[in-house]
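Please check each one against the structure as you go.

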Amino acid sequence: MSRVYNFSAGPAVLPEEVLKEAADEMLDYKGTGMSVMEMSHRSKAYDTIIKEAEADLRELMNIPDNYKVMFLQGGASQQFAMIPMNLMKNKKAAYIVTGQWAKKAYQEAQIYGEAVKVASSEDETFSYIPDCSDLDIPEDADYVYICENNTIYGTKFKTLPNTKGHILVADVSSCFLSEPVDVSKYGVIYGGVQKNIGPAGVVIVIMREDLITEDTLPGTPTMLKYKTHADADSLYNTPPAYGIYICGKVFKWLKKMGGLEVMKQRNEEKAKILYDFLDQSKMFKGTVRKEDRSLMNVPFVTGDKDLDAKFVKEAEAAGFVNLKGHRTVGGMRASIYNAMPKEGVEKLVEFMKKFEEEN
């Protein structure tokens, strides 16, 4: 069985050399005589793994010293609650709703205080990013929340919102490590790793230290306090140890590739191949306003449900899998994360051309 081109939105394609390395170490990690899956998270070998992973991530993203890195569980969705529990001191926060995940975060925040929707693109099925240069942000809002890249709808904030001095909290699950980022512009930057970094089960939270306090909402469980995990260096309880080990390997792969500047160039190149084809195709159309297009997730449609279904089926038979779009958009979606080789996108476009001629 040969490897397919996997365009899944997450869990998603991982670098082949990382998978091979993990396979080689499966039964015996560096002479320990056991797998990382089996070793104590308190062992010397594991301590090195998690510390190196953090050091490599700090280097890749240029994370300032006054930010903590936490490897947590519960996926990005658990952060929808943890953020208000820990940061909603005034019981008020501003949310910019640009897709399903931002909307879910906004709904979750309503449990804990007043979540104010200051901008939204729901009026056009989240196919654009609203203008966020001059929003009506309540003075006493504790933070402004965005989902920076919208996995389902294929949109991306190209400029961060003007938060008018408020802390910015960003879910970067589907654009994590796809390009350089100025961490100091954010109070919190977090994401599930199962799209661009590793296997499902780990969420990475990068948080400015002054935001990590004991002062959480009453009733906040010990496990949902950032301070619990920050103070214990992500080892308060058993972390998702194997997942973190794979993330660490991906960080090393990214460094070897040349870091985030190089990844950005590669990702722009890959996305351009697909978008250029969509822009001239008579059959396929992109669904996103051009200036807001994501480099990671590319939704497209033919305008005919039956034709969409036929395309997905024939693509799969040809080795291009997981191209069916999210049910809220329909059509197709190609997720082209860091580990998707350029050749995968080129071959997909070749296949789309052929499909267009035949239909």
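1. Val69 stands opposite Ile206 in E10, and this pair belongs to an antiparallel pairing in which six bridges join E2 to strand E10 (residues 203-208). Strands count as paired if DSSP finds at least two bridges between them, while the elements themselves are DSSP runs numbered from the N terminus, helices being H or I with at least four residues and strands E with at least two. Strand E2 (residues 67-72) is mostly covered, since five of its six residues are buried, where buried means under 20% relative accessible area, exposed over 50% and partly exposed in between, with a 1.4 Å probe and protein chains only.

2. On provenance, this is a predicted model in which local features need pLDDT of at least 70 and side-chain atom pairs count only at pLDDT 80 or more, whereas totals for chains, interfaces and linings use all residues. Residues are numbered from 1 along each chain as its sequence is written, and side-chain values use heavy atoms, with hydrogens and water left out.

3. The sheet that contains E2 is open and has seven strands in the order E2-E10-E9-E8-E5-E3-E4, with mixed pairing. E2 and strand E4 (114-120) stand at its edges with a single partner strand each, so one side of each is left without a neighbour in the sheet. From one strand to the next the twist averages 20 degrees, angles being taken from 0 to 180 degrees between N-to-C directions of axes, which are lines fitted to C-alpha atoms, for helices over the stretch in contact.

4. Contact here means heavy atoms within 4.5 Å.

5. A second open sheet is built from three strands in the order E11-E12-E14, with antiparallel pairing. Strand E11 (285-286) and strand E14 (332-335) are its edges, and each has a single partner strand, so one side of each is left without a neighbour in the sheet. E11 pairs with strand E12 (residues 297-301) over two bridges, and Gly286 stands opposite Phe300 in E12. Helix H7 (residues 260-280) packs on the sheet, touching E11, E12 and E14, with its direction at about 20 degrees to that of E12.

6. How do H6 and H7 meet? The axes of helix H6 (residues 241-257) and H7 come within 7 Å and cross at roughly 80 degrees, which makes H6 roughly perpendicular to H7; that label covers 65 to 115 degrees, with under 35 counted as roughly parallel, over 145 as roughly antiparallel and the rest as oblique. Trp253, Leu254 and Met257 in H6 meet Val262, Met263 and Arg266 in H7.

7. A search of the whole structure finds zero disulfides, a disulfide being a pair of cysteine sulfur atoms within 2.5 Å. The sulfur of Cys132 is 13 Å from the closest cysteine sulfur, in Cys147, and is therefore too far away for a bond. For Cys247, the closest cysteine sulfur, in Cys175, is 16 Å away, again too far for a bond. Cys132 is buried at a relative accessible area of 8%, and Cys247 is buried at 0%.
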